[in-house]
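Subject: Structure handover and notes

Dear colleague,

I am passing on a structure for your attention, with my notes set out below it. Please read the notes with the coordinates open beside them.

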Amino acid sequence: MAPQSVLVVDDEPNIVLSLEFLMKEAGFEVRVARDGESALEAVRQNPPHVILLDVMLPKRDGYDVCQTIRANPEWKDIRILMLTAKGRQIEKEKGLAMGADDYITKPFSTREVVERVRTYMPGSET
């Protein structure tokens, strides 16, 4: 079976570094994209199991990326966890309406992020 893979999409280098480290420590294969366009390109090349997707991104924001992924039936199994500093209910509702599976607000607990990603990996019981 292919390793469980995570695509980290964020434009803040410190967050990318910490998430990449955490996901590798948890045993996942990790790729990184720093803007919405390269996130979609990474998904086209090799769809990940889970995407950690920041809302505020250059070129295309996380909502747009999420909506684009959800519009493609071939990508229906990809789980999208949106990351945002915006914890207001309206942003959560918008993200979920666009097709996100879950929502994590920054600053986040590292343990919580790993547990949430694990929950959405194929083969885990949700």
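Val50 is buried, at 0% relative accessibility, where buried stands for a relative accessible area under 20%, exposed for one over 50%, and partly exposed for anything in between, with a 1.4 Å probe and protein chains only. The residue is found in strand E3, and helices (H or I, at least four residues) and strands (E, at least two) are DSSP runs numbered from the N terminus. Leaving aside neighbours within four places in sequence, Val50 is in contact, meaning heavy atoms within 4.5 Å, with Ser5, Val6, Leu7, Arg79, Leu81, Val117, Tyr120 and Met121. Its C-alpha atom is separated by 5.8 Å from that of Ile80, which lies 30 residues apart from Val50 along the chain.

Before going further, please note that this is a predicted model, in which local features need pLDDT of at least 70 and side-chain atom pairs count only at pLDDT 80 or more, while totals for chains, interfaces and linings use all residues. Residues are numbered from 1 along each chain as its sequence is written, and side-chain values use heavy atoms, with hydrogens and water left out.

On the overall fold, the protein chain has 5 helices and 5 strands, and from the N terminus on these elements run β-α-β-α-β-α-β-α-β-α. The radius of gyration, taken over C-alpha atoms, is 13 Å, which agrees with the value near 14 Å that a compact globule of 126 residues would have; the globule rule used here is 2.2 Å times the number of residues to the power 0.38. Taken along the principal axes, the C-alpha atoms fill a box of roughly 35 × 30 × 30 Å. Of the 126 residues in the protein chain, 43% are buried, and among contacts with a separation of 6 or more, 60% are between residues 24 or more positions apart.

The interior can be described through its nonpolar cores, a core being a set of buried Ala, Val, Leu, Ile, Met, Phe, Trp, Tyr and Cys residues joined through side-chain atoms within 4.5 Å. The largest has 22 residues, and those with the most contacts inside it are Val9, Ile51, Leu53, Ile69, Ile80 and Met82. Two or more residues of this core come from each of strand E1 (5–9), helix H2 (36–45), strand E3 (50–54), helix H3 (62–70) and strand E4 (79–84). For Val9, apart from neighbours within four places in sequence, the contacts are Ala33, Asp35, Ala39, Ile51, Leu52, Leu53, Asp54 and Leu57. There is also a second, separate core of 18 residues, which includes Val30, Leu81, Ile104 and Val114.

Most residues other than glycine have a negative phi, and most peptide bonds are trans. Lys59, however, has a positive phi of about 70° although it is not a glycine; this residue sits in the loop between E3 and H3 and is exposed, with a relative accessible area of 68%. The peptide bond from Lys106 to Pro107 is cis, with omega near -5°, and Pro107 is placed in the loop between strand E5 (102–105) and helix H5 (110–120).

A few other positions complete the picture. Arg60 is likewise in the loop between E3 and H3, and beyond its neighbours within four places in sequence it is in contact with Gly36, Glu37, Leu40, Val65 and Thr68, whereas the C-alpha atoms of Arg60 and Glu112 are separated by 27 Å. Ala71, in the loop between H3 and E4, counts as exposed at 63% relative accessibility, and from C-alpha to C-alpha it is 9.8 Å from Met98. Lys92, in helix H4 (residues 89–97), is partly exposed, with a relative accessible area of 26%.

Finally, the accessible surface of the protein chain comes to about 6,700 Å², of which 50% belongs to carbon and sulfur atoms; such areas come from the Shrake-Rupley method with a 1.4 Å probe, and for residues only the protein chains shown count as cover.

With kind regards
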